[in-house]
Structure formats: structure tokens, C-alpha cells
Amino acid sequence: MTLSEILNIEQYSLAAAEKQPALTRLLEEKHQWHLASCPEYKDINQALFRGESTIEDIAAMPFLPVSAFKNHELKSIPAEEVLKVLHSSGTTGQAVSRIFLNKETAQLQSLALSKIVGHVLGRERLPMLIIDSKAVFANKQSYSARGAGILGLSVFGKQHTYALNEAFELDEQVLHDFLEKYDGQPMFIFGFTFMVWLYLYQARISRKYDLSKAVLIHSGGWKKLTEMAVDNATFRAALQEKYGIRNMYNFYGMIEQTGSVFLENSKGYLHCPNFADVIIRDPKDFSVLPPGREGLIQVVSVLPQSYPGHSLLTEDIGMIMGEDDASNGWKGKYFKISGRAKKAELRGCSDTFKSR
Amino acid sequence: MNVQLHTPFPATVSLEQLPFFSERTEVLKPFDERTLGFLDTVSKTIFANAGIARIPEITALAFWLRRANMEQIKAENAYLFQQQLYITAPLGRVFHVCPANVDTMFLYSMAIALLMGNRNLLRISSRMEAPQITALFQTLNKVMEREEYAPFQQYINLISYGHEADINHYIAANCQGRIIWGGDQTIETFRQFKTSPRTRDIMFADRVSATCIGCEAYNQLDEAARNRFVTQLYNDTYTFDQKGCSSPQTVFLMGDEQQYRLCMESITDLLATFAGSRYEADIASLASLKFNQAVDDVVDGKIAARQGNNVATFVSWNPMNNELQHSCGGGYFYTRRINTVAELKPFINIKLQTLSYFGLPQDEMDGLKELCRAKGVDRIVPVGNALDFHYIWDGYNLLEQLSRKVYLK
């Protein structure tokens, strides 16, 4: 199976017996490409992994930590081929990731994302309600994260409507007009998970609105909601109860593997598309853990070609919940995220008076 | 200007009202009989507290505080007290800035200052909330409640406060000595606060430490002795997450290729197993921390290979790089094979604090001492003793630093 084939066939269609050998071969190609094109990748493979150029299964792939893109400029293309550089979000003062894209990788990313999102939205572009404010683009800091996310998903909608006003409150008139205009039609709602909760679900509204025709896609992580003791089940039940939304898809993805997103399946777990996979590693020695055991999440994807991001160890903790047996018929592994490795705080005698 | 007082009793008090700043009612001489009695009672009280007495660093502290040890220290420094030329007197008020995670260290330097008759104000990190530390505060408080030891309430005040500059200014202007742990950045911070012209500062700067192991001697050990060695290396390293400045971050292995390989393999296996069963750390965080460090080190050309697991990680340090490394901590060691200690020459400099050793032949030991005399290193100790406090620290004899000499004629 070629790269183009694995992207273009219907997503979630490959069961393990077919997917694993196909993915291994495509990843091996990527591995060899980056060995030849990115000296840092080659050195890391040599020093910290087996140093081989052949890969017999996905778990044998070397992997880079996500933070490697924060500390170093890693790319597998000459500088003049760089089309754009993606930057991760980060609070002030923190290092941000720099992801170097060429035309080819950027196109693969959009194609991949459209295959996944298209799988749940259909081929038509739908009227799109964005649970955010246009003001998000005014603020440079949040622009990189939320703004980029909104723009990335906006290509799958039309008549983009921002539901929140400049003060980040739900503009009920906007919601009312949007529903009036597209009454009875399928529609697409997108927002960051905590924004949807705080500003759509918790918004004070004067009457009931029916969003049962909508597909809600949301992302951005559960950290804020976990602090409020809201889990996915609570989230789903609440939005269904208040707005009648039934089709809800959370997704997990990162700027370091843009396009390779893991969409929530019918069991509420995150599902690997045909062209990506996850491996759970024992934090003690990075050995591979079987389904049901919790460890660090490694994500692999056939998309990254301009930078060595095809195999990444995240700092997220999770476990494989099953493979090829989701009730909606999706094939592939699915997993859940249970937390994140805390920033290790090892303090010694040179830490008595940390400045604010 | 309120501060949180922990010792002699928990309270929120105004800085100026601290017993430390009050007019003194008792004057303690260096090695005053009452001080020896007080420290010995603290030692006994710790030993009597089953909850903490078995924690190794606390046992070591209680053992160190015994009267017999204090008398030994006095004997070792007899010259300070037997001079025709001078008598030895306290400095006065001493302010200590204590390390956040090297839990017991502050009590040693406080005890030395107290032995010399000084009054002590200790700034403790508010993050220092481990139960054994709280138990130590309570122990001190309990002993100071006794009528006979009540005068010590002026002599030992442990406080916490934030980053208030006015508090730091006031303390700086009102003490005769400052002991500042915490490395270059902390030193820089506290230099901003103006002391009186006569205040004596004892600053502990950023340092790194290393260990040097004779492979041949190690390879000849039987299993039990190897396990003892690994336990000692573990204690030196993991007690303070490898972040104590005396904990080895670099391991030099002396021997030929074959001896080196055998030794390295054995130490890696045994330490990974031992630390795996002992070291309490959030392993997912540790794994990420070390993996990030290893990748950075490879990209920066510092290392060429990695051994062990994420609890005990050994990276072979590129021979092209001769600058002593700061480990990310938690058991991440830079290793280098050497044929003779003479090869340590490029590393022996002012940055290197402790060089612990194991299994070095006498001629190599002699060579090592000469190297250190010429170029740096403040402590040469056997593996297992890297963290042991001594009143000779960082090149100072603290007893001398914390006292003054009154010239007599």
C-alpha cells in the first residue's frame, strides 16, 4: 500500500492484519528518509536506539520526545524548501515547538485531516458555528493555539459564524439567527472542549435551542474540565440534555503531528486512523505495554516528511482500550488518555530562592 | 513585615519581634557546656521518635549531634582554644538560607554555628513540608520548651517568608554572618541586600561532583560486596534526587576496555534493580525528563550511547567534550573510561566539589590528591560518604568561619 492509498481509502477500514505490515513499511520508508536527511535524527537513532535502518515492526521505530522540537531545529529538508513553520502554543517564557513544513507535508496534513473530519461530517461543507470569539485572533498569544485550530477546521465548514461576542459571552442573537437560517439542516459546531463547556453549555440562555442536527467536534484537552470534575461522559450527557446534541467527537492531536488526529469513537475512546498508530510504553524502561496497561503514549504517523516527527513520545499517559472492535465498525486501535507526566521537579541545594 | 515562625514555636510574628533579634539574656561560649547538652538532648529525642529515627538521613543527623561527636570535633579543633595569641568568640547573629530539598543539611550548619556560640536565623523554603522535616522542627521545639534549654529560643529561629525585599534588607542589615546555600543564583539575589560592612558571608556556589571507580577492584568483589557498593552509590546519588551538589553526576571508570565493560554492565544492572525497588519518584515524569535530556545531549554532541533504564541511566560521555556536565538528576550519570587518574586533570577545577572514589590503588590515590591540591576539588571521600556533612565544607572550616579571634597581648 502506498502513502497515497493509505490516505485515500476510507478511514478506519484497516484491521490489524492488514494495517500493521502496511504501516510498518511506510514508516520504515520515513525512517530511512529521515536517517538520510536529518543528521540529528541519525545521531539519536545511533546513540539511543538500535542504530538500524530497517524496521521489522512499528514498535522497533526510534522515537523522539515531543520537546525535541522545542529545544532544537529539526528538519529533513533544505532551508529553501521550507514553506511555513508551525509554532506550538506555550505560556510566556516557555520554549515553543518549531515544525518545519514543505509543500508536500503541508498538503499531506490537510488531506489527512479532511479524510478524518470528512468521515464524520460527510463530503459537503456544512454551516459552521464556532464556539469562540473573533477576538481570539486579536490576541497574539492565544492566536497560535486556538486561532490556528479554528482556521484549520474552518475549511470543513461554510458560513462561519462565531457564537461568542468580543467579551467571550454567548451571543444569543447570533445563535438564534444561525438556527433560524439553517433550520433543520445538518451543521457543524467546533470549539475547544473547555470553551464549549464554559460558554455554550454553561451559558445562560432565555429559551431552548435545538442543535440535534449538529455534529460537534471539540479538542484541546481535558485539563480545565478535569479540575471542574467534568469527564467526557458528563460532558456528553450535559450537551445532549441542554441542546439535544448527539453527535459529538472529541479529538486528540498535536502540532508536532498536525493532520494525524485521533477522533473519538462510539465507545468514547480515541481512535487511530489507518495512517497512524499509538504504542504505550512503560515509563520504567520504554518497553511496549499490552492493552489495559497504563504508560506513556507514543504516536506514529506516516505524514511527517519535512521534519522527523513520524514517531513521537508524548508526555501524555494513557492505555490501549481495544483494537478493531469498536461498535461503529471502525477498525484500528483505540485508547484513552488518563493524564500527563508532571514536570519533574528535582530540587537540590541550588534551589533555595527561586524567583517568582 | 510578618514571617512564619516554625521554631521555637509555630506562629506568625513580626520580624523585629523574633527572639533572634531580642537583647540576649544568655551568652554562650564556643562549645559551651549548655550547647553540648542541648544538642545531645536533641539527638536523644530524635532517636526516641520511632517515626523518624529510622530514616537514614535523620539517623545520621542524630548520630552526628551526640555529645561524644561534638567533643571529638572540639578535640580536632583544639588549636582554636589553646592559643596564647587569641581567644575565640562567636560572630553574633548568623542568618542561614537553607536548601529546599537537601532536607537535613541546614541543621548541620546551624549546629556548627550554634557550637561556636552564634544566634541563628534560618530561612526555610515554604515548600519544605516533608513530614520528617516537620517532625524535626517539633523535636527542636519540644527540647526548647524545657526550662533549662529555654535560652536557646533566642539562638535558633526557623522562619519562612516569600520574596519580600524589605524582610531581606532588614535581616541583611542586622546580622554579623550569612550562610547562603543555593548556588550562584541565590547568591546573586542575596548580594542585592546590603549587609553591614562587617558582615561575613559564606556562600555555597553551584558545584558539581563526580565519582571515580577502579574497575578491577570492583570486578573482584563478590556479590555481597557489589551489593554493598551499589547501596552506597545509591545513597550518595538518589537521597536528594542527585541534586545535592555533592552527589555524583559523572562516573569515571578506571580500567582497560574489558575491565570497564564488565564493571559498567554490573553496576548498571545492580543499580537499576536496586534503585527500581527503592527510589520513590514519579517514573513517568522521570522518564520524560531523562529522555529529553538524552536527546538534547545527543544533538549537542555530548553523548554517544545510553545504558540502563529510566531509573538508573548511564550515558557515555563523548571524549571530545571535557566540560563537567550538570545532570538533569534522578539518576542520570555521564560515564567516561580512564586509564589513570592523571586523565582527570581536565575536569579538576573550581567547579568540582566532591570527588568520591572506590577501589583506587594507593599510587593513584596519591596522584589524585596532588591533582586536587593544585587545581580544585574540596572533598575527596569514599563512595558512600559523598553526602556526609563535615565542618570542613567547600574548602572552609566552618568553625573558623563562624567565629572571630580576639587578639590578646
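A: To describe how two helices pack, a line is fitted to the C-alpha atoms of each over the stretch in contact; this line is the axis, and the angle, from 0 to 180 degrees, is taken between the N-to-C directions. The helices themselves are DSSP runs of H or I with at least four residues, numbered from the N terminus. The model is predicted, so local features need pLDDT of at least 70, side-chain atom pairs count only at pLDDT 80 or more, and totals for chains, interfaces and linings use all residues. Residues are numbered from 1 along each chain as its sequence is written, while chains are lettered from A and ligands numbered from 1 in the order in which they are written.

Consider helix α1 of chain B, residues 33-48, and helix α6 of chain B, residues 131-145. Their axes lie 10 Å apart and form an angle of about 130°. The pair α1(B) and α6(B) is therefore oblique, a word for angles that are not under 35 degrees (roughly parallel), over 145 (roughly antiparallel) or 65 to 115 (roughly perpendicular).

From α1(B), the contact draws on B:Phe38, B:Thr41, B:Val42, B:Thr45 and B:Ile46. On the side of α6(B), the residues are B:Thr139, B:Leu140, B:Lys142 and B:Val143. Contact here requires C-beta atoms, placed from the backbone, to lie within 7 Å. Five residues of this contact between α1(B) and α6(B) are nonpolar, three are polar and one is charged (Ala, Val, Leu, Ile, Met, Phe, Trp, Tyr, Cys and Pro count as nonpolar; Asp, Glu, Lys and Arg as charged; the others, Gly among them, as polar).

Another packing in chain B involves helix α10, residues 223-238, and helix α11, residues 257-278. The axes of α10(B) and α11(B) are 10 Å apart, at an angle of about 60°. These two helices, α10(B) and α11(B), are therefore oblique to each other, and their crossing is right-handed.

In α10(B), the residues that touch α11(B) are B:Arg226, B:Asn227, B:Val230, B:Thr231, B:Leu233, B:Tyr234 and B:Tyr238. They face B:Ser266, B:Ile267, B:Leu270, B:Leu271, B:Phe274, B:Ala275 and B:Arg278 of α11(B). Nine residues of the contact between α10(B) and α11(B) are nonpolar, three are polar and two are charged.

Terms used:
A crossing is left-handed if the near helix is turned anticlockwise from the far one by less than a right angle, and right-handed if clockwise. Two residues are in contact if their C-beta atoms, placed from the backbone, lie within 7 Å.
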